[in-house]
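Colleague: I am new to this structure. Please walk me through how to read a few of its features.

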Number of protein chains: 2
Amino acid sequence: MLTLYDHPRSGNCHKVRLFLSMLRLPYESVFIDVPNGVNREPFFTAINPLQQIPVLVDGDYTIQDSQAILLYLAHRHAPDWAGNGAREIADIAQWLSFAANEIGNSLQPARLYYLLGEEIDIAAAQAKSLRALKILDAHLTRHPWLAAGRPTIADLACFPYVGLAREGRMPLDDFPHVLDWISRIVALDGYVTMPGLPPPPATPDRAGA
Amino acid sequence: MLTLYDHPRSGNCHKVRLFLSMLRLPYESVFIDVPNGVNREPFFTAINPLQQIPVLVDGDYTIQDSQAILLYLAHRHAPDWAGNGAREIADIAQWLSFAANEIGNSLQPARLYYLLGEEIDIAAAQAKSLRALKILDAHLTRHPWLAAGRPTIADLACFPYVGLAREGRMPLDDFPHVLDWISRIVALDGYVTMPGLPPPPATPDRAGA
């Protein structure tokens, strides 16, 4: 059984929940109360010295960092999602870095400012968020998916904090290609939601008709 | 021929120079004068919308982001350096994220503060730098290399800004396991230096004796 150290409002955890659901892998979710500092307690610091969620435990193997967890799950269960050949692998890696840097230092802290009152330079975070959304929108003008012409872990890595951009008071509706991409992700088989993200598409009523 | 958009004082570019040298791959270095804003000129923005170096061009393929470039070169020329199997690949990915986040948001800006007078919260950057060095030192107490028990792109991704830590006025000498790891990297075949990093080991005088 897989164990995910998890928080329901964490976008980084949601990247992993999305992929686990798409891969139809059952897992146990262990709630880590990050706003109340449980991630800094000794038991959790022993699991991850970086004191961050998500952490995934697969038998005797423990892995931290949402991007690394996506790579691990892809290589174990669905290698196509991690790219075939040097170019696809590198294109995907660029977007994993974009998720960690450009999104992780902009949309992610801007959201925490409004949700949890984190003390940050909100003007700087919103300026960076706007830049990240513009770069993403420009890329999606020419491509349906971020890399490899199909859904990959690049999309899953970038999606949550972009989809949650309104919680950081960013004008997501000004970016039509980003909105279209969000719709495509929501339509993927196994998509699951979290507070602030779109619900899965309505399914036909199997009991009726 | 490979082309590297490059700056001699950039640690992110040095990651790529190190690996190109270890792989014995010839390349052309194109100087991008980042402190004078050449990276924000239209010709370079067309090459990389993120306006960052390094960028590597291999024929018709252009790739940005130092970590992604290391992955690309490994998959093209030396796959062992990128890890074999899901666990090694994921362990390496964790350290690539550590290089991008923990190091990229601490030791890298602390150095720029002193080298270029960048306006940042230097106390916060140095506190984060200390935390990153402690985590690295603790890991290296138990492991000679960051992942997979051998030199990989994880080491090359983390090395430059750690090796340059004194330029951010960080007490590198307080971390003996990090110093030992630096010595092991310096001893690798193909190691090249840059201002602020140790020189390659002296080679026996082939002409003499």
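Modeller: Start with contact: heavy atoms within 4.5 Å. Helices (H or I, at least four residues) and strands (E, at least two) are DSSP runs, numbered from the N terminus. This is a predicted model: local features need pLDDT of at least 70, side-chain atom pairs count only at pLDDT 80 or more, and totals for chains, interfaces and linings use all residues. Residues are numbered from 1 along each chain as written, chains are lettered from A and ligands numbered from 1 in written order, and side-chain values use heavy atoms, without hydrogens and water.

Colleague: Which helices do the buried residues of H5(B) pack against?

Modeller: Buried means under 20% relative accessible area, exposed over 50%, partly exposed in between (1.4 Å probe, protein chains only). In helix H5 (residues 107-116) of chain B, the buried residues are Leu107(B), Gln108(B), Pro109(B), Ala110(B) and Arg111(B). They pack against helix H1 (11-22), helix H4 (85-103), helix H6 (122-142) and helix H7 (153-163) of chain B. Just after H5(B), Gly117(B) has a positive phi of about 70°.

Colleague: How many disulfides does the structure hold?

Modeller: A disulfide is a pair of cysteine sulfur atoms within 2.5 Å. Over all chains there are 0. Take Cys13(B): its closest cysteine sulfur, in Cys158(B), is 17 Å away, so that is too far for a bond. Cys13(B) is buried, at 0% relative accessible area. Cys158(B) is buried too, also at 0%.

Colleague: In what order do the strands of the chain B sheet run?

Modeller: Two strands pair if DSSP finds at least two bridges between them. In chain B, 4 strands form an open sheet in the order S2-S1-S3-S4, with mixed pairing. Strand S2 (27-31) and strand S4 (61-64) of chain B are the edges, each pairing on one side only. Strand S1 (residues 2-6) of chain B pairs with S2(B) in the parallel sense over 5 bridges. Asp6(B) stands opposite Phe31(B) in S2(B).

Colleague: And Arg150(A): where is its place?

Modeller: Arg150(A) is in the loop between helix H6 (122-142) and helix H7 (153-163) of chain A. Beyond its neighbours within four places in sequence, Arg150(A) contacts several residues, including Asp80(A), Glu88(A) and Trp145(A). Arg150(A) and Asp80(A) are 70 residues apart along the chain, yet their C-alpha atoms are separated by 9.4 Å. A polar atom of the Arg150(A) side chain lies 2.8 Å from the backbone oxygen of Asp80(A).

Technical notes:
Polar contact = N/O pair within 3.5 Å; in protein donor to acceptor, adjacent residues only side chain to side chain.
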